[in-house]
Amino acid sequence: MAKLGKRLTDAYKTVNRDSFYSLEEAVTLVKGAAKAKFDETIEIAMNLGIDPRHADQMVRGVVNLPNGTGKTVRVAVFARGAKVDEALAAGADVVGGDDLAEQILAGNINFDRCIASPDMMGVVGKLGKVLGPRGLMPNPKLGTVTPDVAGAVKAAKAGAVEFRAEKTGIIHAGVGKVSFSEEALVQNIRAFVDAITRAKPTGAKGQYLLKVSLSSTMGPGLKLDLSSVSATAAA
């Protein structure tokens, strides 16, 4: 087994990895254990009682965190005509059509979110094999294929977080930064968990939310008491 670095070893001494913490306790401990020289991301991991290999058990969506993510999100938009100016005015980092598609096919993917107006899907459709594996393909269900490109850009910049269950039924996401206040982090985490709870698929049977853990980028993970995360989280 690989040895832990001194910073992480010292951090583990401040927590009990076998205990289940209330959300508020976990946030306090995770913030306190974050000793890196950069502003670490607070990360949540959720084990769900689903099998994503079945279409009726897939969990995917988007949630607007009330206090944002603390991350600078680079947004690309496929648009034409007046919507080009709308997207740029809303803060899009790159806007284009065929020219943008050519850049992407050439491997120039310098953005974190991709948005498209519906009339541009003929252009975007051929990028599925490139954008799909990276989780960047515009999707109407996620609000990234929309006539309101300006609204989508603003939401992405403000802290909209996309989520998708992995093959093992686990969802990972960043829900803020260590520099955030404890109250802001608690609000973000509850908003995220509530979004996952609302996204419970029709094919999910038995307990839906199995485990939830919280950590910082370089810190130890803490297990959360499900009853403290959300009123409906354990259902």
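Me: Where do I start, and how many helices and strands does the protein have?

Reply: Start with the inventory of elements. This predicted model has nine helices and 10 strands. The radius of gyration is 19 Å, close to the 18 Å that the globule rule gives for 235 residues, so the protein is as compact as a globular protein of that length. Along the principal axes, the C-alpha trace spans about 55 × 45 × 35 Å.

Me: What share of the residues is buried?

Reply: A residue counts as buried when its relative accessible area is under 20%. Here, buried residues make up 49% of the 235. The accessible surface comes to about 11,900 Å², and 52% of that belongs to carbon and sulfur atoms.

Me: How do I read the contacts by their separation in sequence?

Reply: Take the contacts with a separation of 6 or more, then ask what part of them joins residues 24 or more positions apart. In this protein that part is 75%.

Me: What is the strand order in the open sheet of five strands?

Reply: The order is 1-10-9-2-8, and the pairing is mixed. An edge strand pairs on one side only; here the edges are strand 1 (20-21) and strand 8 (170-177). Inside the order, strand 9 (residues 209-216) and strand 10 (residues 222-224) run antiparallel and are joined by two bridges. Leucine 214 has leucine 222, in strand 10, as its bridge partner.

Me: Which residue in strand 7 is the bridge partner of glycine 61?

Reply: That is phenylalanine 163. Strand 7 covers residues 160-164, and five bridges join it to strand 3, with the two running antiparallel. Strand 3 (residues 60-64) also shows how a strand can have two faces: Gly61 and Val63 form the covered one, while Arg60, Val62 and Asn64 form the uncovered one.

Me: Why is phenylalanine 163 called buried?

Reply: Compare its value with the cut-off. Phenylalanine 163 has a relative accessible area of 4%, and buried means under 20%, so the residue is classed as buried.

Me: What is phenylalanine 163 in contact with, apart from its neighbours within four places in sequence?

Reply: Its contacts include Val59, Gly61 and Val63, and also Ile171, Phe192, Ala195, Ile196 and Ala199.

Me: How far apart in space are phenylalanine 163 and leucine 185?

Reply: Read the sequence and the space separately. The two residues are 22 apart in sequence, and their C-alpha atoms are 18 Å apart in space.

How values were computed. Residues are numbered from 1 along each chain as its sequence is written. This is a predicted model: local features need pLDDT of at least 70, side-chain atom pairs count only at pLDDT 80 or more; totals for chains, interfaces and linings use all residues. Side-chain values use heavy atoms; hydrogens and water are left out. Helices (H or I, at least four residues) and strands (E, at least two) are DSSP runs, numbered from the N terminus. The radius of gyration is taken over C-alpha atoms; the globule rule is 2.2 Å times the number of residues to the power 0.38. Buried means under 20% relative accessible area, exposed over 50%, partly exposed in between (1.4 Å probe, protein chains only). Contact means heavy atoms within 4.5 Å. Accessible areas come from the Shrake-Rupley method with a 1.4 Å probe; for residues, only the protein chains shown count as cover. Two strands pair if DSSP finds at least two bridges between them.
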